[in-house]
Amino acid sequence: MQEQLRVHRQILYDLALHYLEPLNGIFSRLVYLASLKNMSTNVYAHDRLAAVYGAEAVGESLANCHEELFERLLEMPLAQQEGDLRQFVGTLPEGAQEGPRVCRRRMEDWIPAAAPDYLKELFRSNLVALLELLREPSPKVRSSR
């Protein structure tokens with residue numbers, strides 16, 4: 001058991017240091033983690049990490065990390081989520097104009113399969129509202145509370 005925990009901690013350390021930290025913002029990290037999930041099997045894979053730690057351990061660690069990051073995003077104030085989403089959309093190749101539509105189409109892919117239904121619904125409603133704000137030509141002044 002202690003060996004499994006040590007391996008899990010090392011996987012998370014390597015994942016954070018080499019793959020997540022270089023990304024800007026929580027949406028970028030969430031999307032990256034979601035991209036490591038096979039949509040038809042809900043199994044996570046990362047070839048480089050699996051070569052060191054084994055596919056099963058890496059898959060389990062990635063799934064847990066995706067869920068934790070998803071929950072952390074939902075704990076952030078909406079104003080902070082908006083700023084992070086705005087930054088993420090600005091990095092998309094489709095640009096700021098098409099970015100909100102792309103996010104809307106892909107948002108289901110970003111949700112961890114094991115997340116509770118109420119958190120999935122909260123994420124969907126928050127993201128739809130935030131994407132509408134991003135589509136506004138000139139954002140109105142909003143309170144950050």
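The views below come from a predicted model.

**View 1. Arginine 135 pairs with glutamate 132 in helix α7.** Their side chains meet in a salt bridge, 3.3 Å from N to O. Helix α7 covers residues 117-135. The two partners lie three residues apart in it, so about one helical turn separates them. Glutamate 132 is partly exposed too, at 40% relative accessibility. The salt bridges of the model number seven.

**View 2. Arginine 6 pairs with glutamate 3 in helix α1.** The closest N and O atoms of this salt bridge are 2.6 Å apart. Helix α1 runs over residues 2-20. An α-helix has 3.6 residues a turn, so residues three or four places apart point the same way. Arginine 6 is partly exposed, with 42% relative accessibility. Glutamate 3 is partly exposed as well, with 46%.

**View 3. Glutamate 82 pairs with arginine 86 in helix α5.** Here the closest N and O atoms of the salt bridge are 2.8 Å apart. Helix α5 spans residues 78-91. The pair is four residues apart in it, so the separation is about one helical turn. Is glutamate 82 buried or exposed? Glutamate 82 has a relative accessible area of 9%, so it is buried. Arginine 86 is partly exposed, at 33% relative accessibility. Side chains of opposite charge can pair when their charged atoms come close.

**View 4. Helix α5 has a buried set of residues, with other helices covering it.** Which residues of α5 are buried? They are Gln81, Glu82, Asp84, Leu85, Phe88 and Val89. The cover over these buried residues includes α2 (26-35) and α4 (55-75). It also includes α6 (95-106) and α7.

**View 5. The length of helix α5 agrees with its residue count.** The helix has 14 residues. At 1.5 Å a residue, it should span 20 Å. Its end C-alpha atoms are 20 Å apart, so expectation and model agree.

Technical notes
Residues numbered from 1 in each chain as written. Predicted model: local features only at pLDDT ≥ 70, side-chain atom pairs only at ≥ 80, totals over all residues. Heavy atoms only, no water. Salt bridge = Lys/Arg side-chain N within 4 Å of Asp/Glu carboxyl O. Helix = DSSP H or I, 4+ residues; strand = E, 2+ residues; numbered from the N terminus. Buried < 20%, exposed > 50% of the residue type's maximum accessible area, 1.4 Å probe, protein only. Expected span 1.5 Å × (residues − 1). Contact = heavy atoms within 4.5 Å.
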